[in-house]
Amino acid sequence: WRGGNTHAGYLKLIIDPIRRIIKNYGGKAMFVFVGCLPEEFQDRGNSQCVAQPYQRFVQYAPPVRIWDWPGYLAKARCHIALAPLVKHPFNESKSEIKVLEAWALGIPIICSNVAPYKRAVTDGVDGYLVGNECGDWEARLTNLILSPEKRVTMGAAGLAALKSKKYLMSDVVVE
């Protein structure tokens, strides 16, 4: 997950599912937060330090400059992207950039079922669209954690979707 502290409300959607995943599959999951570490995982409110009980399962990376982001993201070698977003008129006008970033890396994405992500994702094929219920996030995360084959298949479908859904630079730039 990545975002600034203005996105802390969106993170609330996935905190409980992440805690349950850590409890049930701790050795199989590592969560990386770029730009904003949820309070629930902070060491005594230090916004840049992971609390001791979570250090084996949670990593924090400070914000990355926009021009360094693609390289940083590729080096992070994440296996699943998360994009929680609350339903709100402002959010409905956002772009699907987080989906495109995940697809470009060939990794599946789990995202809220809101307009920017619904425009791009074919649920269950090149990503998951989920309701903002804890159980929805946990079920999809569990599915992808326990199925490396599903991660690979969905990641490949995302890469293919960049072309088939006309998201390539050559499809969107007018000369």
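Of the 175 residues of the protein, 45% come out as buried (buried is under 20% relative accessible area, exposed is over 50% and partly exposed lies in between, with a 1.4 Å probe and protein chains only). The model is a predicted one: local features need pLDDT of at least 70, side-chain atom pairs count only at pLDDT 80 or more, and totals for chains, interfaces and linings use all residues. Residues are numbered from 1 along each chain as its sequence is written, and side-chain values use heavy atoms, with hydrogens and water left out.

On the overall build, the protein has 8 helices and 7 strands (DSSP runs numbered from the N terminus, with H or I over at least four residues for helices and E over at least two for strands). Its radius of gyration is 16 Å, which agrees with the value near 16 Å that a compact globule of 175 residues would have (taken over C-alpha atoms, the globule rule being 2.2 Å times the number of residues to the power 0.38). Along the principal axes, the C-alpha atoms fill a box of roughly 50 × 35 × 35 Å. Among contacts with a separation of 6 or more, 62% join residues 24 or more positions apart (a contact is heavy atoms within 4.5 Å).

As for the surface, the protein exposes about 9700 Å², and carbon and sulfur atoms supply 55% of that (areas are from the Shrake-Rupley method with a 1.4 Å probe; for residues, only the protein chains shown count as cover). There are 22 positive and 16 negative side chains, and the centres of the two sets sit 3 Å apart (Lys and Arg are positive, Asp and Glu negative, with His and the chain ends not counted; each charge is placed at NZ of Lys, CZ of Arg, CG of Asp or CD of Glu).

Setting aside residues up to four places away in sequence, Phe33 touches Trp1, Leu11, Ile18, Pro38, Phe41, Val58, Gln59, Tyr60 and Ala61.

Beyond its neighbours within four places in sequence, Glu138 is in contact with Pro17, Arg20, Ile21 and Asn24.

Helix α4 (residues 97-105) has Lys98, Val99, Leu100, Glu101, Ala102 and Trp103 as its buried residues. These pack against α2 (69-76), β5 (81-83), β6 (109-112), α5 (115-118) and α7 (148-164). Just after α4, Gly106 takes a positive phi of about 75 degrees.

Positive phi also shows up in residues other than glycine. Arg77, in the loop between α2 and β5, has a phi near 55 degrees and counts as exposed, at 69% relative accessibility. Lys166, in the loop between α7 and α8 (169-172), has a phi near 60 degrees and is exposed, with a relative accessible area of 53%.
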